[in-house]
Each structure stands twice: as structure tokens, then as C-alpha cells.
Amino acid sequence: MTDLGLVLISNKEYQKMQYDCKKQLRSFGYAWKGIRDCVGKEQNLNFHLVVSVLVVVAGLALDIRPLEWVAVLLCMGLVIGAELFNTAIERLVDLVSPQWHPVAGRVKDIAAGAVLVCAVVSVAVGLIVFVPYLTRLCL
């Protein structure tokens, strides 16, 4: 560290910090592999994906406004992302605790609870967005 508070690094360390496009693309590939590994195999994820498609169709049919799309898409991403985290946590718990253990069960329950919170909030946002459109159609 210099008198000015700057940290000096070697040329070798600097080269390690350089952006690597190929490495970044590989990372995206691994991420897609993880998503593909869950789609079609995880019942709750599949349910949320089907609901997401139905919500998009409803949004298009009802011509919801751009900010409403933002809210809906954020909720969809939140729930699907939470479901993927939950799946990763469940698989990791199964790996490190193949025998039943109360703590392992609680960890899985907490992760599932997090998905439930995200889903309930998303339903509330969906009702706020879609109910006014649906009431106008019915009246």
C-alpha cells in the first residue's frame, strides 16, 4: 500500500483481473445447463413456468401498460429464480445429508417457504394488475 492509500498489484495479478469473453460465455453456458437440468423435472418449477406463460398471454390479451409489464415480469423472474434456488438448496442438502436429519428438513422447508413468500406476493401483484382489466371486461 502506498502513502496515498493505493494498493499496488503485480502485472501477473493485473492480467488475472482482465475480462475474459470466452470465460464469460462458458459461465452463461453453465447457467443455461442448470436451468435445463430443472425444467421438466421439477414439478413446482414447471407449474410456475406454465402460470408465467398464461400470465403473459393474459397480459398481451388485456394490453396491460408498460409499468404493469415491469411488475409482472419482475414477479415472474423472482418466483422462477426462487424456485431454482430452492432446487439447488434441496439438491445440496440431499448431497451433504443423504440420511434424514431434522436440520436438513428445516433447511429445505425454509427454502420452500421463501418460494411461497415470493409466489404469494406475485399473486397479490397479479391481482392488482389484472383485476381492473377483468372487471372492465365483465361490466
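Predicted model: local features only at pLDDT ≥ 70, side-chain atom pairs only at ≥ 80, totals over all residues.
**Figure 1. The salt bridge between Arg65 and Glu68.** Arg65 and Glu68 form a salt bridge in which the closest N and O atoms are 3.2 Å apart.

**Figure 2. The packing of helix H2 against helix H4.** Helix H2 comprises residues 21–38 and helix H4 residues 66–96. Their axes lie 11 Å apart and meet at an angle of about 85 degrees, which means that H2 is roughly perpendicular to H4. On the H2 side, the contact is made by Ile35, Asp37 and Cys38; on the H4 side, it is made by Leu84, Thr87 and Arg91. Sorted by class, the residues of this contact are three nonpolar, one polar and two charged.

**Figure 3. The salt bridge between Arg91 and Asp37.** The side chains of Arg91 and Asp37 meet in a salt bridge, with an N to O distance of 2.3 Å. This pair links distant parts of the chain, since Arg91 belongs to helix H4 and Asp37 to helix H2, 54 residues apart. Arg91 is partly exposed, with a relative accessible area of 36%, and Asp37 is also partly exposed, at 32%. Both residues take part in a network of salt bridges that also includes Lys41 and Glu42.

**Figure 4. The salt bridge between Lys108 and Asp94.** In this view, the side chains of Lys108 and Asp94 meet in a salt bridge of 2.5 Å, N to O. Lys108 lies in helix H5 and Asp94 in helix H4, so the pair ties together parts that are 14 residues apart in sequence. Lys108 is partly exposed at 23% relative accessibility, and Asp94 is partly exposed at 40%. In the whole structure, a search finds five salt bridges.

**Figure 5. The largest nonpolar core.** This core has eight residues: Leu62, Ile64, Trp69, Val72, Met76, Val129, Phe130 and Tyr133. Helices H4 and H5 (102–138) are the elements that give two or more residues to the core. In soluble globular proteins, nonpolar side chains tend to be buried together. One member of the core, Met76, touches Ser52, Val55 and Val56, when residues up to four places away in sequence are not counted.

Definitions and conventions:
Residues numbered from 1 in each chain as written. Heavy atoms only, no water. Axes fitted to C-alpha atoms, helices over the stretch in contact; angles between N-to-C directions. Helix = DSSP H or I, 4+ residues; strand = E, 2+ residues; numbered from the N terminus. Parallel < 35°, antiparallel > 145°, perpendicular 65-115°, else oblique. Contact = heavy atoms within 4.5 Å. Nonpolar A, V, L, I, M, F, W, Y, C, P; charged D, E, K, R; others polar. Core = buried A, V, L, I, M, F, W, Y, C linked by side-chain atoms within 4.5 Å. Buried < 20%, exposed > 50% of the residue type's maximum accessible area, 1.4 Å probe, protein only. Salt bridge = Lys/Arg side-chain N within 4 Å of Asp/Glu carboxyl O.
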